[in-house]
Amino acid sequence: MFEYFLIVSILMGLITGSFTNVMIYRIPEKKSLWYPPSACGNCGTGIKWYDNIPVLSYLILKGKCRNCGSGISIQYPLVELLCGILYAVMYLVFGLNLDLLFMAVISIILVAISMIDIKTMTIPNGLVIALFITGILYSGTRLLFPDMFSQTMMWFEPLIGFFAASLLLLLVAVLSKGGMGGGDIKLMAAAGIFLGWKGVLLALVSGSLLGAVISIILIIAGKKGRKDMIPFGPFLCVGIMFAALFATTVLDWYIGLFTR
Ligand SMILES: [Zn+2]
């Protein structure tokens, strides 16, 4: 049964990854997510269902439109693959429970936010609101039915979580006079609702560390200058995902260091 559900998780990830691609392309252009159906960006021909199978269709078509032969971005299969891997990891960590269900929604919102932030240097408000609502439903359900989740939560944790990282970032924004985007602050407020204050602080610390390391590597490699803007959102999203999956493990280990 374990293998069966693992494969189902991967397949669900690949399929929602396909929808995540639609979000990434249409939300910045303020287009509807539901209509019209997907079409080739070059010739406008509608994409048939058999050419819209996650990852597989890209490989069969060798990355080209069946009608006009123009190139399809490698981003499509990569995002689908990423979502497939995320769903598999989430199933391995959570097992079959409501955590898996809520994180299935949250993870694709985070992937969409990251990709859009990389492309446009902004985090769309609509996606932050979606994260906010999912976060309230997640924490609310967890408080009402703790048995259906992998761990319990105190009622005040989402409340403090909402402010914990976002107020720190707001302070950075004020002190640096605009060096921190409003989108990042709102993102961490929404994430705090389902991560709680410990989780969201772990997300902030791990995301910032990752961002610092990657930025230094990019500057040393000559890909970015010291003054270039590097979007912070994707690193925060990785931090949020990391905290959602491993906060309990990491925090237990950290507390263990001091109580030995
Ligand atoms: Zn075409």
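Is Lys 62 buried or exposed? Lys 62 has 9 C-beta neighbours inside 10 Å and therefore counts as exposed; a residue is called buried if 20 or more other C-beta atoms lie within 10 Å of its own, exposed if 12 or fewer, and partly exposed in between, with C-beta atoms placed from the backbone. The model is predicted, and local features need pLDDT of at least 70, side-chain atom pairs count only at pLDDT 80 or more, and totals for chains, interfaces and linings use all residues. Residues are numbered from 1 along each chain as its sequence is written.

Lys 62 lies in the loop between α2 and α3 (75–94). Helices here are DSSP runs (H or I, at least four residues), numbered from the N terminus. Although Lys 62 is a residue other than glycine, its phi is positive, near 50 degrees. A positive phi, of about 60 degrees, is also found at Val 55, which is not a glycine. Val 55 belongs to the loop between α1 and α2. It counts as partly exposed because it has 17 C-beta neighbours inside 10 Å. The loop between α1 (2–26) and α2 (56–60) also holds Pro 36. Tyr 35 and Pro 36 are joined by a cis peptide bond, with omega about -5 degrees.

The protein is divided into domain 1 (1–96) and domain 2 (122–260), with bounds that come from an automatic or database domain assignment. The centres of the two domains, taken over C-alpha atoms, are separated by 26 Å. Domain 1 gives 6 residues to the contact and domain 2 gives 5 residues, where two residues are in contact if their C-beta atoms, placed from the backbone, lie within 7 Å. On the side of domain 1 that touches domain 2, the residues divide into 6 nonpolar, no polar and no charged. Nonpolar covers Ala, Val, Leu, Ile, Met, Phe, Trp, Tyr, Cys and Pro; charged covers Asp, Glu, Lys and Arg; the others, Gly among them, are polar.

Helix α5 (residues 125–144) has 20 residues, and at 1.5 Å a residue it should span 28 Å, which agrees with the 28 Å between its end C-alpha atoms. The expected span is 1.5 Å times one less than the number of residues. The buried residues of α5 are Leu 127, Val 128, Leu 131, Phe 132, Gly 135, Tyr 138, Ser 139 and Arg 142. They cover an arc of only 145 degrees around the axis, so they are on the same side of α5; the arc is that of the directions from the helix axis to the C-beta atoms. These buried residues pack against α4 (98–120), α6 (157–175) and α7 (182–220). The face of α5 turned away from the buried side carries the exposed residues Asn 125, Ile 129 and Leu 144.

Key: Helix = DSSP H or I, 4+ residues; strand = E, 2+ residues; numbered from the N terminus.
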